[in-house]
Amino acid sequence: MLLTPIPPRHGTPFLSRPSAAADAHGALPPTLLDALREPVILFPAAEYQLARDLLSVPVPALAVECDPEGGVLVHLDGQRVPLPACPPMCLAAVAFTDEGEAAMQDALDTMPGGDAAPAVARIEPGDVMALACTVLGASSGMLRRQAGQLTSTLRSLAQLRAQHDDQQRRLAALEAFVARDNRQDFDCVFAEPPAEDGELALRLGEDANVRSLAQLLPVASRGVSAIGLHLAETPLTPDALVAIRLHSLEDGRERAAWRVPAADLRPGWQVFGLDAAITGLSRTLRLSVEVSSGTIALSLGAEQPLPAFRILGPDGVAVASRSLAFKVWAGLPGVMPPLPQLDHIEGEAGEAQGFEEVPVAADRIDVTRGREVVTLGALADDTLPCDAPEGGTAFARLRGGLPRGAMLLRATGRGRGAEFALGAGDLQEVRARAEAGAPAAPGWSGWIAADAAGLAELRLSCEPGRGAADLHILTRGADGRATPARIGGIAATVVLADAFGQGRPAAPPEAAPAPEPALPEVTAPDFRGTGFHGLEGAGERRWRWLGRQVSLAMQGVPRSAAAIEMSIVATAPGLTAGSIAATVNGMPAAVTMAGSLQDGLVARIAIPPEARRGDRSVTLGLAFGRCHQPPGDGRTLSVACTGIRAAAG
């Protein structure tokens, strides 16, 4: 496909000046833009008559020339348009004469990016086969270059992901350190003190005209960790119950909620703390206070000239020309505020109300097949195995899997050709319902078959007011055959008033120990991470030298693993355990060394309890204080490592 150039005069295309449209706006014609998005062939404009055979090639062909004043120009639709750079997908640059070859090379040398274009190919006019071979050869070269660029991009992406994960772990470690050592910032970022006369108060509740109110906060949400309200006096009735909620207006989310009985309130400032300082984008916050029973008196602040920041009633109309007396504290986003400075924590209540979905996390399950009972551990993806036997039903028990106050439990069964059911309470009753194929009822989900994707969404309703109980999981093959099956995503919706008066539901009790999977080992050829050098050695004795800063990744590390052991065959002079700083998933870890280089040297890095992750992955970070750089070798060497492995206590 030959894009129409300017008709030549005496063998040389001619125009007095480049396109005025291109000069005025700096924009390329749409036809040229479309051509630059595709593979193209370049040829000298002076040889337009000789380039007729390019019409047989289904690739756009651009006639170019090098103008002393206008730079590289392309002939297009009767105009000469400046070519800003070499086309990114230039398949070939062809010429038919010595003069054309020199002109084409001059254009490539002049245009930006021309050094990346293929070398100018000299072909004879009419030699379609030579032209096709040139295009095919250039196409394969371009594909190789693009494959190399893609590989480089993927490698850079993997490095960026590793760096991102490392930064995330460092941030999590920082948050844990700050929370553990009570080093959180707790700055009062706004304060509206009570009015000077001290007698201005707003009564709220049964004996007042208003039961609820709202107050817009003049601070952004990010980092907010506590709210303070000033009570003018002791609650007027001992049965008063105050519900306080904090919402972000832009997304309509409830950021925090407190329910506090009158017995826990006293005159003066009362500080209500969040579980953790608010993270994410900055939003507008609104504080709402409701008294469902009894009456309290909240202090008022100064006169408020801005109507939006006055106290608003349930109908959105201001109930006073003032704002509440309140304070706002902020800290490091995502970190819990210091408990000693809080009067009430989020979720604390004398009478919990509402619902909450609680994940049911367990790493053990008792499975009964016939008369055999085995205790199995969770799989790598935290699902629980419950394979169906041939010609029968597997009964699995999750001890304490049904929390106190649960009204609904959901789970996801996984297994093609499998049927699942959930039951609560007495095993004999559950067994009878299973054998009878009973429909769903409180305490029994009914049999649910997996869909074409091998998924079964299970729902188990429970009788209200019941205590904690075991959860029974049943599986069977749809056609009576043995079928692999597992279950995960278990979560219970609990009635807070039935579940607990304050705090959060306790985790289910741990089941009896079960065999852990084999401890993983990563040898030097399979290292994943950063900071290590190429593979050396031969046969079974192969190693990699590590640099000064190293990050190594492992997967499937079981909960029973107490340490990561690193086998060493050589070290930099003077290297000891004290010169190695280690982290596991971003948490500082102790390092000890045992053995010798002759008998086998092992560095043991303990796994801190707070470093364990639900996906059982481990990222080992190492920093060596002693390194060696051999003469003539640009590498920095610390230790030669043959592999790392997880080790039990």
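How do the residues of the lining of the largest pocket divide into nonpolar, polar and charged?

## Basis of the model

This is a predicted model, in which local features need pLDDT of at least 70 and side-chain atom pairs count only at pLDDT 80 or more, while totals for chains, interfaces and linings use all residues. Residues are numbered from 1 along each chain as its sequence is written, and side-chain values use heavy atoms, with hydrogens and water left out.

## The largest pocket

Of its 26 lining residues, A162, D165, R169, A553 and T619 are the closest to the centre.

The lining comprises ten nonpolar, nine polar and seven charged residues, where Asp, Glu, Lys and Arg count as charged, Ala, Val, Leu, Ile, Met, Phe, Trp, Tyr, Cys and Pro as nonpolar, and the others, Gly among them, as polar. The largest share of this lining, ten residues, comes from α4, a helix in the sense of a DSSP run (H or I, at least four residues; strands are E, at least two) numbered from the N terminus.

## The second largest pocket

For the second largest pocket the volume is about 420 Å³, and D166, R170, V550, S551 and G621 are the closest to its centre among the 20 residues that line it. Here too α4 gives the most to the lining, with six residues.

Note on methods:
On a 1 Å grid over the protein atoms alone, a cavity is a set of points where a 1.4 Å probe fits but cannot get out, and a pocket is an open set with protein on both sides within 12 Å along at least five of seven lines; lining residues have an atom within 4 Å of a point. Grid points are joined across faces, edges and corners, and a volume is the space filled by probe spheres set on the points.
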